[in-house]
Amino acid sequence: MNWHAVRAIYLFEMARTRRTLLQSVLAPVITTSLYFVVFGSAIGARIPEVEGVSYGAFLVPGLIMLNLLTQSVSNASFGIFFPKFSRTIYELLSAPVSHFEIVLSYVGAAATKSILLSVIILATATFFVPLRIEHPLWMIGFLLLTAVSFSLLGFILGIWADNFEKLQLVPLLIITPLTFLGGSFYSIAMLPPLWRTVTLFNPVVYLVSGFRWSFYGTADVAVGISLGMSLLFLAVFVGVATWMLRTGYRLKP
Amino acid sequence: MHTVISISGLSKTYASGFDALKGVDLDIRRGEIFALLGPNGAGKTTLISIVCGLVNPSAGRVTVGGHDIIRDYRAARALIGLVPQELTTDAFETVWNTVSFSRGLFGKPPDPAYLARLLQDLSLWNKKDNKLLTLSGGMKRRVLIAKALSHEPQILFLDEPTAGVDVELRRDMWQLVRRLRDNGVTVILTTHYIEEAEEMADRIGVITRGELILVEDKATLMRKLGGKQLTLQLAAPLAQIPPVLSGYGLTLAQGGKELVYRYEAEGEDSALVDLLQELNTAGIAFADLQTTQRSLEDIFVSLVSERERGGEGAR
């Protein structure tokens, strides 16, 4: 293992995060606070309890997942896209680093940042709603697994995208709708039967459901299935990223 | 002498169908300065890029220090430093951070003393805390060199090192290259300037249209390439070369109206003076004269046609 390289890339990426601290930390915190004010307090006051918890509290896991997914994807995609765009990637490609080391450092840095944000959002949430976490280990497990998986997805996206438009379009057109429709703001039990079935094809449902189970012990789908699906995503993304690096897809002509 | 880079049968066809390299064979000797000379689009950058791992080869094999660049890429790449042609730097990093980053990336533990000396050598020390976007083009080029040398490589690739570079940096760069060679570093540079190859290299390889058409010691090649041509516009056309002038290898052109003399550009050429005196003695008057240096284009054309006639091989 070339640990010096892993460390160098990881610290480089974290330094990028520090430079953009305001937009990368403040923005999600403000957005989440607004969600709590609007949906949790203003509208949520008129919504009865969902699955035995107040609507405001019900929202928390979904909101964290929403942020975790979008931040993981955008951090990781930008992290690898930008050197490609500015052509500084020549150095990475000519360095004695393995594919695993490249992925470990870029994905590790992106996941670190999105997990930090999730923790900040969780802390923010405690100011608005009473929280309880029934299965903290599972919660951490889902947090890690999702952060790593979707940072990998972002990494894949960053390699695939050959312009800024594509880089932003995929999160906007695919990730955000999937999260909104994935039960972040509602229990899928609240949907008409047809839509409930359709929703089960949305991969995000399993992540949100499993994550919410770790908080309140209730879930739309069995937690085992959630875990299985999360691991499946991880495996698929690892496979695609490995293939990309091995063939040099859009990195090496 | 030991071979440090061995390239055999190397070909590259890009997805567009363009054949950038057609079966190149080349051995680079340890400790030499090797110039890859060729016009734009000849395949110089493709060749370098494959050796450094930026481009996948279509066929052929490359070893660096005995390590295959694909199977044993770690050992091969650790030996190499690359200065790319384009000025590509991270805008928001400082000079010090970017050079430290490069060292880490190549698997070397931090060594602030070495990096400080490196930055001093490249006149970058007082800019070490500057962000890269505040630097001039010349300074950025120095940073790229510092990055390439940050991990103490045994082989340095310089892709078009003096393209768009001012005189001072050019001189510094040449000094640096010689110093590196003195320390045992092998330097491979690409250029499309004959003068640059002449100034710097121990050996020169000429590449055009993806083929390495000749590799020779500088001295030999310069004699071949550096020829000059004197053309005399004669006052009266000649039917043939007078016997007294037969020793000069003169040729007639334009139906006898021009007399053409080819000679070496190197050294003091007393033959030229002799020729003019002999012409005077022989009573051959000329209205005008001009001398031309053979352009690189001419040289390529003649080398390629020589090759196509089935004469000289590539090595």
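This is a predicted model: local features need pLDDT of at least 70, side-chain atom pairs count only at pLDDT 80 or more; totals for chains, interfaces and linings use all residues.
The secondary structure of chain B comprises 10 helices and 14 strands. Along the principal axes, the C-alpha atoms of chain B occupy a box of roughly 75 × 45 × 40 Å. Of its 315 residues, 37% count as buried. When contacts in chain B between residues at least 6 apart in sequence are considered, 71% of them join residues at least 24 apart.

Chain B contains an open sheet of six strands with mixed pairing, arranged in the order β6-β7-β8-β3-β9-β10. The edges are formed by β6 (80–83) and β10 of chain B; each has a single partner strand, and therefore one side of each is left without a neighbour in the sheet. From one strand to the next, the twist averages 15°. Within this sheet, strand β3 (residues 33–37) and strand β8 (residues 186–191) of chain B run parallel and are joined by five bridges. One of the bridge partners is Thr190(B) in β8(B), which is paired with Leu36(B). Helix α6 (residues 167–182) of chain B packs on the sheet through contacts with β3, β7 and β8 of chain B, and its direction makes about 150° with that of β8(B). Helix α1 (residues 44–52) of chain B lies across β3, β6, β7 (155–159), β8 and β9 of chain B. The angle between α1(B) and β7(B) is likewise given as about 150°.

A further set of pairings involves strand β4 (residues 59–64) of chain B, which pairs in the antiparallel sense with strand β1 (residues 3–13) of chain B over five bridges. In this pairing, Val64(B) of β4(B) stands opposite Ile5(B). Strand β4(B) is also joined by two bridges to strand β5 (residues 67–68) of chain B, again with antiparallel direction. Here Thr63(B) stands opposite Asp68(B) in β5(B). The strands β4(B) and β5(B) form a hairpin with two residues between them, and Gly65(B) in the turn has a positive phi of about 60°.

Between the two chains, 21 residues of chain A are in contact with 28 residues of chain B. On the side of chain A that touches chain B, α1 and α4 of chain A each supply at least two residues. The largest share of that side, seven residues, comes from α1(A). By residue class, the side of chain A that touches chain B divides into 10 nonpolar, six polar and five charged residues.

Helix α3 (residues 95–105) of chain B is largely enclosed by the rest of the structure, because nine of its 11 residues are buried. Among them are Val95(B), Phe101(B), Arg103(B) and Leu105(B). The buried residues of α3(B) pack against α1 (3–19) and α4 (89–94) of chain A, together with α4 and α5 of chain B. The helix α3(B) is followed by Gly107(B), whose phi is positive, near 80°.

The largest nonpolar core has 142 residues, and Tyr106(A), Phe155(A) and Phe157(B) are those with the most contacts inside it. Helix α3 (residues 55–86) of chain A gives the most to this core, with 16 residues. Leaving out residues up to four places away in sequence, Tyr106(A) touches Ile9(A), Glu13(A), Ala76(A), Gly79(A), Ile80(A) and Phe155(A). Another core, of five residues, lies apart from the largest one and includes Leu232(B), Leu259(B), Leu275(B) and Leu279(B).

In chain A, Leu157(A) lies in helix α6 (residues 136–160). Leu157(A) counts as buried because 24 C-beta neighbours lie inside 10 Å. Apart from neighbours within four places in sequence, Leu157(A) is in contact with Val73(A), Ser77(A), Leu167(A) and Val170(A). The C-alpha atoms of Leu157(A) and Leu167(A), which are 10 residues apart along the chain, are separated by 6.9 Å.

Most residues other than glycine have a negative phi. Ser123(B), however, has a positive phi near 55°. Ser123(B) is located in the loop between α4 (112–121) and α5 (137–149) of chain B, and is partly exposed, with 14 other C-beta atoms within 10 Å. Arg209(B) also has a positive phi, of about 45°, although it is not a glycine. Arg209(B) is found in the loop between β9 (203–208) and β10 (211–217) of chain B, and is partly exposed, with 16 other C-beta atoms within 10 Å.

Notes: Residues are numbered from 1 along each chain as its sequence is written. Chains are lettered from A and ligands numbered from 1 in the order in which they are written. Helices (H or I, at least four residues) and strands (E, at least two) are DSSP runs, numbered from the N terminus. A residue is buried if 20 or more other C-beta atoms lie within 10 Å of its own, exposed if 12 or fewer, and partly exposed in between; C-beta atoms are placed from the backbone. Two residues are in contact if their C-beta atoms, placed from the backbone, lie within 7 Å. Two strands pair if DSSP finds at least two bridges between them. Ala, Val, Leu, Ile, Met, Phe, Trp, Tyr, Cys and Pro count as nonpolar, Asp, Glu, Lys and Arg as charged, and the others, Gly among them, as polar. A nonpolar core is a set of buried Ala, Val, Leu, Ile, Met, Phe, Trp, Tyr and Cys residues joined through C-beta atoms within 7 Å. Axes are lines fitted to C-alpha atoms, for helices over the stretch in contact, and angles run from 0 to 180 degrees between N-to-C directions.
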